[in-house]
Amino acid sequence: CYFPKYCKELAQQLGIGGWVKNTKKGTIVGKLQGTKAQLDHMINWLSTTGSPGCKIEKCDLTNWEYVARIAYTDFSIRF
């Protein structure tokens with residue numbers, strides 16, 4: 001499935017900054033920055049919907065924090 005592609009598309013639609021990438025373990029990692037409403041929408045998608053054809057077994061959100069300034073101005077797929 002093309003999870004990073006769909007993740008990037010939704011992040012761009014929502015105005016979220018950050019990045020996402022596939023890992024060698026077959027998981028997805030990344031960083032997201034945006035408003036609470038933007039992130040709530042994205043987290044719901046990541047946890048329940050995902051991209052077409054993908055099966056979400058678990059969604060762990062770790063190392064999160066509130067930031068005063070947004071560091072990412074766009075969203076990218078890393079390799």
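Three strands make up an open sheet here, in the order 2-1-3 and with mixed pairing (strands are DSSP runs of E of at least two residues, helices are runs of H or I of at least four, and both are numbered from the N terminus; two strands pair if DSSP finds at least two bridges between them). Strand 2 and strand 3 sit at the edges with a single partner strand each, so one side of each has no neighbour in the sheet. From one strand to the next the twist averages 10 degrees.

A word on the basis: this is a predicted model, where local features need pLDDT of at least 70 and side-chain atom pairs count only at pLDDT 80 or more, while totals for chains, interfaces and linings use all residues. Residues are numbered from 1 along each chain as its sequence is written, and side-chain values use heavy atoms, with hydrogens and water left out.

Here is how the strands pair up:

| Strand pair | Sense | Bridges |
|---|---|---|
| strand 1 and strand 2 | antiparallel | 6 bridges |
| strand 1 and strand 3 (residues 75-77) | parallel | 3 bridges |

To pick out a partner on either side, Lys21 bridges to Val29 in strand 2, and Trp19 bridges to Ser76 in strand 3. The hairpin of strand 1 and strand 2 has 5 residues between the strands, and Gly26 takes a positive phi near 85 degrees there.

Helix 1 packs on this sheet and touches strand 1, strand 2 and strand 3 (contact means heavy atoms within 4.5 Å). Its direction makes about 175 degrees with that of strand 3, using axes fitted to C-alpha atoms, for helices over the stretch in contact, and angles from 0 to 180 degrees between N-to-C directions.

Then there's the largest pocket, with a volume of about 1,600 Å³. On a 1 Å grid over the protein atoms alone, a pocket is an open set of points where a 1.4 Å probe fits, with protein on both sides within 12 Å along at least five of seven lines; lining residues have an atom within 4 Å of a point. The lining has 38 residues, with Gly30, Leu32, Leu46, Asp60 and Leu61 nearest the centre. Strand 2 gives the largest share, 6 residues.

Key. Points joined across faces, edges and corners; volume = space filled by probe spheres on them.
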